[in-house]
Every structure is written in C-alpha cells, then in structure tokens.
Amino acid sequence: MNDETYMIETRDLTKIYGNGAEVRALDGVSICIRRGEFLTVMGPSGSGKSTLLNMLGALDRPTSGQVFINGQDMARVKDLDTFRAESVGFVFQIYNLIPTLNAKENVEVPMMGQVRSRRQRMRRAKELLGLVGLEARMDHLPGQLSGGQRQRVAIARALANQPAIILADEPTGNLDSESGEGVIRLLRELNRELEATIIIVTHDPAVARQTQRVLVMHDGKISDDHTVGHPFEEDLKEFRNSGLGAALRQGDAAALQWIKERELKSLRHVVSEI
Ligand SMILES: Nc1ncnc2c1ncn2[C@@H]1O[C@H](COP(=O)(O)OP(=O)(O)OP(=O)(O)O)[C@@H](O)[C@H]1O
Ligand SMILES: [Mg+2]
C-alpha cells in the first residue's frame, strides 16, 4: 500500500509558545497515522501531548511544519472551524459539557451548524446516546450524571458529525478505574465498528496496553513509537477493511459476488490484490 494517504501526517511540526521566555512545546514532530488506527500518546507532564493533540485537531496553528489530514494541508484550509466540526471529535478530561443543557441537548450542539432540522438533530442525538448506553439518561443535566456517564455524553457529542478522527485528551483522568475501563472499551468499539481513527492521551499504562500503538513524548519530541498490537491483528484489520472483507461480513454470497464481479480466479489472487 505505497500510495496510501495517511489519515494524519505531520512533517517537522513545531510549536513555540510565548515571546520572551519561549517554550518549545513541540520540536520537529513527524508522524504518520493510518485510517482506523487506535493509539495512545504518553509522556511526562509538559512534554507536549496536549499541544500535539491540538495541532492534530486543527484547534491551533503550528509555529512551523505541516499537518495533513486525509491528505489536506491544514495551512491551506481557510475555514478551520467548519473543517474541525465535520472531521474531528474531541473528548476532554473535564468533559466540557454545558451544565444548563441536558444530555440530549449537549449532543445536539455540534450539529447545529451542520444539521438544520431540529428533529433530525434530536433523532441523531438519541441514537448516539443509545450507542453509549445512556438511553435512560437523555433528559438528565450533566450535574445529575456520574463522571463516567458524563464522559459517555461527551463521547456521543464527539461523534455527532460522524468524524473520521476522535481525539481524546486524558478521557479517563477524572474517572475511577471501572468507569475509565468502560470509556476505553467504548472507544475501542467505536474504533472497530465505525473505523474511526482514535488518538488517546493518557498517563495510564493500562489504557495504553489496550491500544495498538503507543507514541511516547519527551520535551516536545517523539522519543518512542511502537506498535503493541499483534502483527496479525493489523493484517486482519486491513483485510476486514478491504472490499472483500466488507463483503465477507455480509455473508458468503456477497463475497462470492464480490469475487465474481472482479473476475478473479482464486482467493489467492484476491488476497494479493488487497
Ligand atoms: N498556551 C500556552 N502558552 C504558553 N505555554 C504553553 C501553553 N500551552 C502549553 N504550554 C507549555 O508547553 C509545554 C507543553 O504543554 P502541554 O500542555 O502540551 O503538555 P502535556 O504533555 O499535555 O502535559 P500534561 O500531561 O501536564 O497535560 C509545557 O511546558 C507548557 O507549559
Ligand atoms: Mg495535557
């Protein structure tokens, strides 16, 4: 897959804060992240994790270097707000829910610029809250929900516009370990089911162990980048995401049809084509 467009690619990404006492929060970060990856970013406090996430989500502009999202150079995108609303979902440690709006209304908020009809927005908000297991809590205010439930509302909100990328900055930082595990399990499912590319900043090695790849940061640089998932799992995922993989999920008949349409003589041939 040489001509693959990465979901996210950074080239020599640098972010310097301040004028007098300058802080080099990111120092020449070059990374490639494929569509559908599920990865964590770890590293000591102040190492640049949140800064990196903000650049990847186009929340802020770099001092120098480039960010490409799905092949698109962020420096050339004029309306970053719209781009972000349509392509990226954010989940934060402190949930950032609007306290005076109930769960359903909070999930509706990001759709306001994108989906005109209130009825459609409400339907989708209900669907998403169902997806995160909160159908019975739709009308509750954030203050009436537990920490884990609030974070699930935040995840439903992040999914509102079906973003290809979900960025989560310490999403379990405020949760007890059981609720935290639930949140990570949910993100894992979203990664599998919706094939969303998910990046989680965490201090918790137990969270990192559940992802396929771990980036470690020190002083604004990536000091380590390793894949923890079983190598076959990656291959399998690629296979599942392929045309034949999708057809197989629909059943043998669909798969045979897929092969027939391509007039491929053997499965071997098909596999080498993917
Ligand atoms: N808006 C800002 N203005 C000035 N300096 C900043 C700003 N935001 C971050 N920094 C500095 O940039 C460096 C990286 O910060 P960042 O928030 O990315 O770290 P982090 O790895 O997310 O840390 P933590 O684990 O504590 O959240 C730190 O030294 C921080 O003080
Ligand atoms: Mg941070």
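What follows is one answer that begins with the chain as a whole and then turns to the charged pairs and their surroundings.

Mentor: Please keep in mind throughout that this is a predicted model. The secondary structure of the chain comprises 11 helices and 10 strands, and of its 274 residues 45% are buried. The accessible surface amounts to about 14,600 Å², with 48% of that area belonging to carbon and sulfur atoms. If one takes the contacts between residues at least 6 apart in sequence, 66% of them join residues that are at least 24 apart.

Now to the charged pairs themselves. Side chains of opposite charge can pair when their charged atoms come close. With a nitrogen of Lys or Arg required to lie within 4 Å of a carboxyl oxygen of Asp or Glu, the count comes to 12 salt bridges. One of these is formed by the side chains of aspartate 27 and lysine 221, with an N to O distance of 2.8 Å.

A second pair to consider is glutamate 108 with arginine 121, whose closest N and O atoms are 3.3 Å apart in a salt bridge. Here too the pair links distant parts of the chain, with glutamate 108 in helix α3 (residues 103-108) and arginine 121 in helix α4 (residues 118-131), 13 residues apart. Both partners fall under the 20% cut-off for a buried residue: glutamate 108 is buried because its relative accessible area is 1%, and arginine 121 is buried because its value is 10%. Salt bridges that share partners also join Arg24, Asp27 and Lys221 into one network.

Helix α4 holds another pair, for glutamate 127 and arginine 124 both lie in that helix, 3 residues apart, or about one turn. Their side chains meet in a salt bridge with an N to O distance of 3.5 Å.

Some charged residues belong to a patch instead. Asp176, Glu178, Glu181 and Asp204 form a negative surface patch, and members of such a patch have over 30% relative accessible area and no salt bridge. Glutamate 181 is found in helix α6, which covers residues 177-194, and with a relative accessible area of 44% this residue is partly exposed. Glutamate 195 has a positive phi of about 55° although it is not a glycine. Most residues other than glycine have a negative phi. Glutamine 162 likewise has a positive phi, near 50°; this residue lies in the loop between α5 and β7 (165-169) and is exposed because its relative accessible area is 62%.

For the buried side of the picture, consider glutamine 151, which is placed in helix α5 (residues 147-158) and counts as buried because its relative accessibility is 0%. Leaving aside neighbours within four places in sequence, glutamine 151 is in contact with Val91, Phe92, Gln93, Tyr95, Pro171, Leu175 and Val183.

Isoleucine 69 lies in strand β4 (residues 64-69) and is buried because its relative accessible area is 2%. The C-alpha atoms of isoleucine 69 and leucine 56 are separated by 8.0 Å, with the two residues 13 apart along the chain. Beyond four places in sequence, the contacts of isoleucine 69 are Met7, Leu56, Met74, Phe83 and Ile165. Isoleucine 198, in strand β8, is buried because its relative accessible area is 0%. From isoleucine 198 to alanine 168 the C-alpha distance is 7.7 Å, although these residues are 30 apart in sequence. With neighbours within four places in sequence again left aside, isoleucine 198 is in contact with residues including Glu37, Phe38, Ile166 and Leu187.

Conventions. Residues are numbered from 1 along each chain as its sequence is written. Chains are lettered from A and ligands numbered from 1 in the order in which they are written. This is a predicted model: local features need pLDDT of at least 70, side-chain atom pairs count only at pLDDT 80 or more; totals for chains, interfaces and linings use all residues. Side-chain values use heavy atoms; hydrogens and water are left out. Patches are made of residues with over 30% relative accessible area and no salt bridge: like charges are joined within 9 Å, nonpolar side chains (Val, Leu, Ile, Met, Phe, Trp, Tyr) within 5 Å. Accessible areas come from the Shrake-Rupley method with a 1.4 Å probe; for residues, only the protein chains shown count as cover. Lys and Arg count as positive and Asp and Glu as negative; His and the chain ends are not counted. The place of a charge is taken as NZ of Lys, CZ of Arg, CG of Asp or CD of Glu. Helices (H or I, at least four residues) and strands (E, at least two) are DSSP runs, numbered from the N terminus. Buried means under 20% relative accessible area, exposed over 50%, partly exposed in between (1.4 Å probe, protein chains only). Contact means heavy atoms within 4.5 Å.
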